[in-house]
Every structure is written in C-alpha cells, then in structure tokens.
Amino acid sequence: MRIILEEHPHLLDPSELLRPEPLFADKELSKFRDYSVDENDPIKERVRRTYRLMHKNQTVDFVKSRHDEWLSFDHWEGTIREGLEKLNELVDESDPDIDLPNIIHAFQAAERARDEFPELDWLHLTALIHDLGKIMAFYGEEQWSVVGDTFPVGCLWSDNIVYRNDSFDGNDDGENPKYNTKYGMYEPNCGIQNLIMSWGHDEYMYRVLKHNKSTLPDIACNIIRYHSFYPWHSSGDYQHFSAPEDEEIKKWVLIFNRYDLYTKSAKVPNIDELWPYYQSLIDKYCPGIIKF
C-alpha cells in the first residue's frame, strides 16, 4: 500500500484502503443497527421515540433556525479534550448498539482506526472527535436534533431512512410542493455538499472545525460531516444529487464507517493511558481553545 503524504492526504485512492469485513466486531454484523420495533425493550423504544421526534420536526425552516442559533459559535469555549470529557455524561438516545457514555465510543473508534492505519494520524483524530458536535445537548438542544442518522431537507425523503414509513407524519415539508418532490429545492447533480442536511452533530462539528481553522484535511472534515448520512453512503440513495467529487467522500466515509459502527461494544479502553497520544494529535490539528 502506498503511504499517504502528510501534506497531501487526499492523493491516495481510498479504494486502496478498503479492508475485508471487520472481524473485530463483537457480534454478527447483521445485529448492528437493529431498528426493529419492540415495545417491551426500553432501548428500542427510546431509539424509536428519538427518531419520531426528529422526523416530525426536521424541516427546512427548523434547520435554518438551528444555523442561526449555533453557527454564531458563542455557546461554549474550551479545548477539544474538555469537550470530549463532557461526552462522559452523554448516552446517545438514538443508538441501538451501545448504552455507554459517548466518550467510550470515541476511543473505541479511534483505536481501531489507529490499529489498521497507524500512519494516518489525521484519521485517528477524526475518529476520536467525529461525535463531538453532540456537545450541543449540554447547551439546550434536544437529542433528536443532535444525534442519529441525517438526511437532506427540502426534497423527498428516501425510503431507506430509519423508520421511514410513518415517522414523518406531521412534518410540514411533506405537504409543501416546493420540498416534497424528488429534487425539491435543489438541481440535479448539484453535489452532496450543496444539500441542506437535517440538523445534528455531524454538520455542526464540520462547521466548528472550519470556523476554528483546524488543519485537519478537508476529507477528514467531510467524513465528520457525512458519517451519519446512511441513506447515501450505505443505501445508495440521493445519487441524483451526486457530483463526481462526492464519490471520493463516500469511499472515505465507508472506510471510517467500520470504526464508527462495528467497534461498539462493552469493552472499555483505558482512556487515561491513551490521552497522551491523542493530545499530541489535538495539538497538531486542533490546538488551543475552540469556539463552539
């Protein structure tokens, strides 16, 4: 495998980085992302309720209101480490695979990326901070507009969105002819980066990194921006909006998805021992005080 040059991390075709099925997973792959309905299972019911609120309320107008609220970056200031340590107190209400604080998932994902690609330090840090946008939940944002899968607003909803059949009932955009068609308010092949995504931690953390002038490569920022856009990267939907440059983003997101999804388990890494290495990456790519 060719080594990626540090100053040009996008030059390697991500197809060269593809790996076989993740044998490190603690359960059968088909058991991950189980969104079946079971009213007697409190976790499944918590997940279903979270998505119901998300799908009912994520409209074009709502997302624009969140941009106005959060993209002023005046809610909190702190280091990346301080932000990650806040995730000790957050359990993602949309996740059927793990019921542990989010910081554990962050280190699980980062360590697996580090194990498979030790030379790609930017990928290790990307995995560590990919969910850091969930910090919004500590400053007034409801979890249904922080966590979970994402999708474009302002166009027809994909059939492969979680709980698609009835969870969008009551969403005003479904009755709006400007938004409820295949292309909605967009043009064909406009590019995934020109879609307005449902509001959540993905888009927010992408914007935080750009606002604070992180030196992480653009592909790392786009991994964070689209890692929860499952209907696109895993189901092949929304291709009618795709531009040629989107294919490289998708390949990298799928590489990252192995660490985001299949490392979730009850095994807790020794976070105290791992901090020095990851602090060195924070100092390299996202140093100092970050405005959220």
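A residue counts as exposed when its relative accessible area is over 50%, and as buried when that area is under 20%. In this predicted model, P244 has a relative accessible area of 73% and is therefore exposed. P244 is placed in the loop between α9 and α10. In sequence P244 and I192 are 52 residues apart, while their C-alpha atoms lie 9.9 Å apart in space.

The protein chain contains 11 helices and 2 strands. Read from the N terminus, the order of elements is α-α-β-α-α-α-α-α-α-α-α-α-β. Of the 292 residues of the chain, 54% count as buried. Among contacts between residues at least 6 apart in sequence, 79% join residues at least 24 apart. The average pLDDT of the chain is 87, and 85% of the residues score at least 70. Over residues 1-12 the pLDDT is below 50, and this stretch has 22 contacts in the model beyond near neighbours in sequence.

Helix α4 comprises 15 residues, 102-116. At 1.5 Å a residue the helix should span 21 Å, and its end C-alpha atoms are 22 Å apart, so the two values agree. Helix α4 is mostly covered, with 11 of its 15 residues buried. The buried residues include the run N102, I103, I104, H105, A106, F107, Q108, A109 and A110, and also A113 and E116. The buried residues of α4 pack against α3 (80-86), α5 (121-129), α10 (246-261) and α11 (271-285).

Helix α8 has 8 of its 9 residues buried and is therefore largely enclosed by the rest of the structure. Those buried are I219, A220, C221, N222, I223, I224, R225 and Y226. Their cover includes α5, α7, α9 (230-233) and α10.

The packing of α8 (residues 218-226) with α10 has an angle of about 70°, and the axes of the two helices are 9 Å apart. Angles from 65 to 115 degrees count as roughly perpendicular, and α8 and α10 are therefore roughly perpendicular to each other. On the α8 side the contact is made by I219, N222, I223 and Y226, and on the α10 side by E248, I249, W252, V253 and F256. By class, the residues of this contact divide into 7 nonpolar, 1 polar and 1 charged.

H130 lies in the loop between α5 and α6. Its relative accessible area is 0%, so H130 is buried. Leaving out residues up to four places away in sequence, H130 touches H105, A109, H201, I224, H227, F256 and D260. Of these, H105 and A109 are among the buried residues of α4, I224 is among those of α8, and F256 is one of the α10 residues in the contact with α8. H130 and A220 are 90 residues apart in sequence, with a C-alpha to C-alpha distance of 9.2 Å.

S198 is located in the loop between α6 (164-167) and α7 (201-211). With a relative accessible area of 2%, S198 is likewise buried. Beyond its neighbours within four places in sequence, S198 is in contact with Q58, V63, D149, T150, F151 and V153.

How values were computed: Residues are numbered from 1 along each chain as its sequence is written. This is a predicted model: local features need pLDDT of at least 70, side-chain atom pairs count only at pLDDT 80 or more; totals for chains, interfaces and linings use all residues. Side-chain values use heavy atoms; hydrogens and water are left out. Helices (H or I, at least four residues) and strands (E, at least two) are DSSP runs, numbered from the N terminus. The expected span of a helix is 1.5 Å times one less than its number of residues. Buried means under 20% relative accessible area, exposed over 50%, partly exposed in between (1.4 Å probe, protein chains only). Contact means heavy atoms within 4.5 Å. Axes are lines fitted to C-alpha atoms, for helices over the stretch in contact, and angles run from 0 to 180 degrees between N-to-C directions. Angles under 35 degrees count as roughly parallel, over 145 as roughly antiparallel, 65 to 115 as roughly perpendicular and the rest as oblique. Ala, Val, Leu, Ile, Met, Phe, Trp, Tyr, Cys and Pro count as nonpolar, Asp, Glu, Lys and Arg as charged, and the others, Gly among them, as polar. pLDDT is the predictor's confidence in each residue, from 0 to 100.
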